[in-house]
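Open the structure in your viewer and keep the selection tool ready. The tour moves from one selection to the next and says what is there.

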Amino acid sequence: MYGFEAMTFNIHGGYLEAIVRGHRAGLLTAADYNNLCQCETLDDMKMHLSATEYGPYLQNEPSPLHTTTIVEKCTLKLVDEYKHMLCQATEPLSTFLEYITYGHMIDNVVLIVTGTLHERDVQELLEKCHPLGMFDSIATLAVAQNMRELYRLVLVDTPLAPYFSECITSEDLDDMNIEIMRNTLYKAYLEDFYKFCQKLGGATAEIMSDLLAFEADRRAVNITINSIGTELTRDDRRKLYSNFGLLYPYGHEELAVCEDIDQVRGAMEKYPPYQSIFSKLSYGESQMLDKAFYEEEVKRLCLAFEQQFHYGVFFAYMRLREQEIRNLMWISECVAQNQKSRVHDSVVFIF
Amino acid sequence: MEKFIDNLSPMDLMRSEKMSLVQLIIPVESAHRAVSYLGELGLLQFRDLNAEKSPFQRTFVNQVKRCGEMSRKLRFFKDQIIKAGLLSSIHPVVEPDVELEELEMQLAEHEHELIEMNSNSEKLRQTYNELLEFKMVLIKAGSFLVSNNNQAVAEEWELSENVYSSDRYVEASSLLEQQMRTADQSGLRFISGIIFQSKALRFERMLFRATRGNMLFNQAPAGEEIMDPLSAEMVKKTVFVVFFSGEQARTKILKICEAFGANCYPVPDDFSKQRQITREILSRLSELETTLDAGIRHQNKALTSIGYHLTQWMSMVRREKAVYDTLNMLNFDVTKKCLVGEGWCPVFAKAKVQEALQRATFDSNSQVGSIFHVMDAVESPPTYFRTNHFTNAYQEIVDAYGIARYQEANPAVYTVVTFPFLFAVMFGDWGHGICLLLGALVLIARESRLSTQKLGSFMEMLFGGRYVLLLMSLFSIYCGLIYNEFFSVPFHIFGGSAYKCRDATCSDAHSAGLIKFRDPYPFGVDPSWRGSRSELPFLNSLKMKMSILLGVAQMNLGIILSYFNARFFRSSLDIRYQFVPQMIFLNSLFGYLSLLIIIKWCIGSQADLYHVMIYMFLSPTDDLGENELFWGQRPLQIVLLLLALVAVPWMLFPKPFILKKLHSERFQGRNYGMLVSSEFDPDVEPDSAREHHEEFNFSEVFVHQMIHSIEFVLGAVSNTASYLRLWALSLAHSELSTVFYEKVLLLAWGYDNVVIRLTGLAVFAFATAFILLMMETLSAFLHALRLHWVEFQNKFYHGDGYKFKPFSFALITEDDD
C-alpha cells in the first residue's frame, strides 16, 4: 500500500529509523575530511577521529598506530551498530537487514576459496574477511575442492544456498571459475534482494529498486570492462548480468558485444543517468570510473534519507559507512606513506 | 521613592556578578605555571582564540597527545587492576607531585613490565590449557576406545556364548592391541581432540557431510571448564573421537578440525603408554600450576603498587591535559615570546587573578612579569551567581528554564521562599510534612558523607535538592496546620472547636448542623468542619480564593521585577509603555477581584463574586443589587474597566513607534548604510568580543510587541486561572489521603482480626509512602515548577544569557578524559 506507510510504519520501524538517522548524523562531514587530509601522522588522525563518533573505539589504541588498526576499529563500530539494529529489528526489517550482509558473505566465500587455492593460511584469510559477511562454518570452505563440494559441505547451511543453483559444476576451482561464481552469486543475490524489496512494496520498493538497479548496472559495466580480452564468451558474459536495472535488456545486449572501453562508453552514454558519469572521463580511461561510480552512488544513497517510512535508509546508511571506511583507509594509507598529494584521488565526500 | 530604591544595599543573588573581559599576556616560560595556578583558583573563563584551528594545528598539540597517551596507559592499568580484582583493597596514598616527564617514564616502564608479564602468563596459560586438554582427551577418548573395543569384543563373546567377564579394563587392554590390529587391517583409523561444546553439533554435521557418512563420531563433555584465552572466561568443551577410513578422509577431517578450532591430540593405542603419558602430563601440569600461581602473585604485587598511585596519577594527568587544552586557546603575540589570552573574570576576582599571575612569574623565575589588563567588551558577559549550598538548588531550578541575562533580576531570590510555599499549598498535611522533613534531615545530616560518594541519578537529584526538600517540608507542616490535616485527621491543637451540637445526643449534627458558641478557632481550619456536609464547599471556597490571592500577588511581584529590570538597564520606555499599562491591566481586573475577596472575608457578605466579575464586563452600568459589597462599587467598576481597556493599546502601540523615531533620529542625515567590512574598524581584532550594530526592522519590532501584548492580556486571564491548580492539587491530596485513611485503615481496623488489621495497616503505609509521599510530592513539585517558570517568570525574565564556566581543576570530572 504505497502512501499509507506513515500510518503503520512507526509501530515496528520507527525506533530503528530514528536510530539509523541518528547514526547518519555521525557520518564525517567535508570539514572533517578536510581536517583529516591535513594530518601529518596517523596519530593526528587518531586525535581528530577521537572527537568524532569513532572516539571510543580508537581511544585505547597504543600510540604507534597502523592503517589496519584504524580500519579495523572503524569497521568494528559499523558492525556493532549493525548488530544492535539487527537485534532490535522485527520482521520484515530483520530479513532486510540480513540481505544487506549477503554481499559481504559472497565476497568472503570468494576470498577464502581463492586464498586456499593459493595455499594461504586459513586464519590469515579469516582475519581479512569482512566481519559483516561472517557465518559459522566459513573456515570450513577451505576443505572444498570443487563447486559441488563447496555447496554440499558448507554453503547449504548459509543463506547463499539458493543462489548456488546456477553454478553447481563438478569442475575444479580455479581463478576464472571463482570469479564467474562470484558474479553468478552476485547476480542471483541482487535479483533476490530486488524481488524481496518489490514484495515489501511502498516507498521501500521504490527507493531500493533505484539503488539496486544502479548497483546491478555498475556491476554489468565492471564485468564487461574486466572481461574484455579474457576467454569469456559473449553468451557467458551476458549470463552474468542481472535481469533488472536500467540497462536491462537492451543495454545488456550492447554491453555483451563490447570489445574495448570506448564501446562500453558508447553503449552507456545512451542512458542519461550514466551519461554524466562517462562525460567526466576522458576517452580510453577506466581508472577514474570507479570513483565516478562511487560518487554517483553516494549521491543516490544520500537521497534515500530524504524520504521517511522506508527501509532504504538502512541500506543507504550501511553503504555510506562502508564508503566512509574506504575513505578513511585511503587517507590513512596516504598519510602513512607520505603520499598526501594523492589523498584526493579516491576520497568520496559524503556530505 | 527613587532615592530609597537606589539606596537599597545590593543583594548578592539579585544580580549576577559584574564581569570584565581581561587580557593576559604571559611570557612563554611561565605560561604553564600561570595557567595551572589559574586553574587552582578557578575564576577565569578563557575564550578560545584559536577556534578556527583544528585540534592538531594548535601549539601544544604534542603535550595534549602525550597526556592522552598517558591516560590511555592509566586506563590500561585500571583495567588490569579491576581484572585482577584488586580495586577494593587499595587505599590511595598522597605523595608530592612528580614531574610530568618523570611520570611519563614511569608509566611507560610499568606498562612495559605489565605487558611482558601478561604475555608470559599467557604463554604459560596456553601450555597449561593444552596439557589440560590433552589430559582430558586421554581420559575420555581412552575410555571410548576401551568401551568400543569392549562392545565389539562382547559381540564376539556373545557369539561364542562366553560369559561377560568382570574385570573389564584388564580384558579390554589385553584385547585392545588385537582390536587395533584388525582396525588397521580394515584401514579404520581415528582422530581424537577437543572442541568447544557450542560448536560440537555443527562439527559433527560437517564431518558427516564431508565423509558422506562414513565415519563414527563419539563425544563426551570434558570434565573441567577451560579458560578461553581470548575472553578470559571459563568455557565448556567436548572431547571427541572420530573413526574413519582412508587417507583422503583424514586430510579432510584434519582441515575441518582446523576450521572449527578443534585441537587434535594423538592418543596412543597402547593402554600402558596412555597411562604413562597421563602420568607425565599430570606432573607437568602441577609444575605449571605453581609457576602460574607465582606469576599471578608477582603480577598482583606489581598492580597493587601501581594501584597506590593510580588515583593521584590520573588526576594529575587530567589536570595537565586541562592546562594544555587551555594553553591551546591562547595566541602567540608577534614576537612569539608571549602568549596572549582573553577571558572573562568576575570583578571581585581580579586581584586574585593578578596575584596568581605574579606568583607564577615569581615561581618560574621569569624575568618578565605577566601583563593583566581589562578590555572593553561589546559581547554580553557570562552570568555568574555566587551561590552556597542552600541557594544552589534554587538557582538550579531557575537555570533549568534558562540562564539569566547578564545582570538581570534573578527570580531565584524569590524562588527560595515562593517555591516551597506554593508546593506546600498543594501538599498541606503536617503528617506528610513531618515524613518529608525527616527525609530531608537525614539527607542533610549525612551531607558530608553523601557529597563525596557517587550516587545514582535519582539519589543524586534528591540529594541535590535536599534544602529545597527541607523548606518544602517545613512549609507543608505550616500549611497542614492551617488546613488542620494530619494524614487527613483533624486535631484540636489550638484549643477547642468553636462549634457544638444542638443537643447532648448530637443526633442531628449531620442534618441540621452545629451551632457556634464561642470565638473562632484561633489558627487554621476548625476541626469540626471535618466530615460535615458543608466541608467541601467551605474548603473549596477557601482554597480557591486563596489560590487567586497568591497568584495575583506573585504575578504582581513579577511585573514589579520588570520595573526593576527596566530601571537597572535605564530603559524608561519599558517603564512607561510596558510596566505601567501591565500593572494597570492586571490590577484593574484581577487586583480588583482580590480586593473583593478580601472585603467579602472581612465583612462576611453573601455576595456572589462570579456574578460581580461577569456582569462587570457584560453590563457595567446595571445595578449590583444584593451583590454590592461597598459604597461606590459601580462607578469604581466602570473606571477600572475603562482603565483596562485603555491599557491594551497603551502597551501595544507607543513603544514600537517611539523606537522607530529614536532610530531614525540617530541616523538622521545618514542616508547611506554603514559599510560592513573589516576595513571600517581597524581595531577589531578577529575573534575579539566585539560585534556589529544591528539593523532596525520596524515590522519585526511591531510584530514582536504585538505578540508580547496579546500574550500578556490573554495571559492575565489564563495565568490567574492557572493558579487554581493550587486549589485542585490540594483538594486531590486531601481527598486521596482521606480515602486511604477511611477506606483502608479504618475499614481494616473495624474487624477484630489481627491479620486483616495488619494487612490494612500495610496497605495504608504503602499507599502513604508511594502514592502520597512520592507521587504527590512529585506532582506538586512539577506544578510549583510550572507556576514559577510560566506564570511568574514570563512577566520579566528573559533567560537568554550564558553561564560562566571558569577554567577550574575542581570542575574537571572523571568522565572528561
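This is a predicted model: local features need pLDDT of at least 70, side-chain atom pairs count only at pLDDT 80 or more; totals for chains, interfaces and linings use all residues.

**Stop 1: the domains of chain B.** Colour chain B by its domain assignment, which gives domain 1 (21–109 + 297–374), domain 2 (122–147 + 187–293) and domain 3 (539–669 + 697–724). Taken over C-alpha atoms, the centres of domain 1 and domain 2 of chain B are 56 Å apart.

**Stop 2: where chain B meets chain A.** Select the residues in contact across the two chains: 22 residues of chain B and 29 residues of chain A. Between them the two chains bury about 2200 Å², and 54% of this is on carbon and sulfur atoms. Now pick out B:F56, B:R72 and B:R209, the residues of chain B that lose the most area to chain A. Together these three account for 28% of what the chain B side buries.

On the side of chain B that touches chain A, the elements giving two or more residues are α3 (61–83), α6 (200–210) and α7 (247–259) of chain B. The largest share of that side, 6 residues, comes from α3(B).

**Stop 3: the nonpolar cores.** The largest nonpolar core has 165 residues, and A:F96, A:F193 and A:F314 touch the most other members. Domain 1 and domain 2 of chain B both contribute residues to this core, so it lies between them. Apart from this core lies another, of 78 residues, including B:L443, B:Y467, B:A566 and B:F590. In soluble globular proteins, nonpolar side chains tend to be buried together.

Centre the view on A:F193. Leaving aside residues up to four places away in sequence, A:F193 touches A:F96, A:Y99, A:I100, A:M208, A:L212 and A:F315.

**Stop 4: a serine in a helix.** Go to helix α17 (residues 312–336) of chain A and select A:S332. Is A:S332 buried or exposed? A:S332 counts as buried, because its relative accessibility is 0%. A polar atom of the A:S332 side chain lies 3.0 Å from the backbone oxygen of A:M329. Not counting residues up to four places away in sequence, A:S332 touches A:L42, A:M45, A:T67 and A:I70.

Conventions
Residues are numbered from 1 along each chain as its sequence is written. Chains are lettered from A and ligands numbered from 1 in the order in which they are written. Side-chain values use heavy atoms; hydrogens and water are left out. A nonpolar core is a set of buried Ala, Val, Leu, Ile, Met, Phe, Trp, Tyr and Cys residues joined through side-chain atoms within 4.5 Å. Buried means under 20% relative accessible area, exposed over 50%, partly exposed in between (1.4 Å probe, protein chains only). Domain bounds come from an automatic or database domain assignment. Contact means heavy atoms within 4.5 Å. Buried area is the accessible area (1.4 Å probe) that two parts lose on being put together, summed over both. Helices (H or I, at least four residues) and strands (E, at least two) are DSSP runs, numbered from the N terminus. A polar contact is a pair of N or O atoms within 3.5 Å; within protein, one must be able to donate a hydrogen and the other to accept it, and residues adjacent in sequence count only if both atoms are side-chain atoms.
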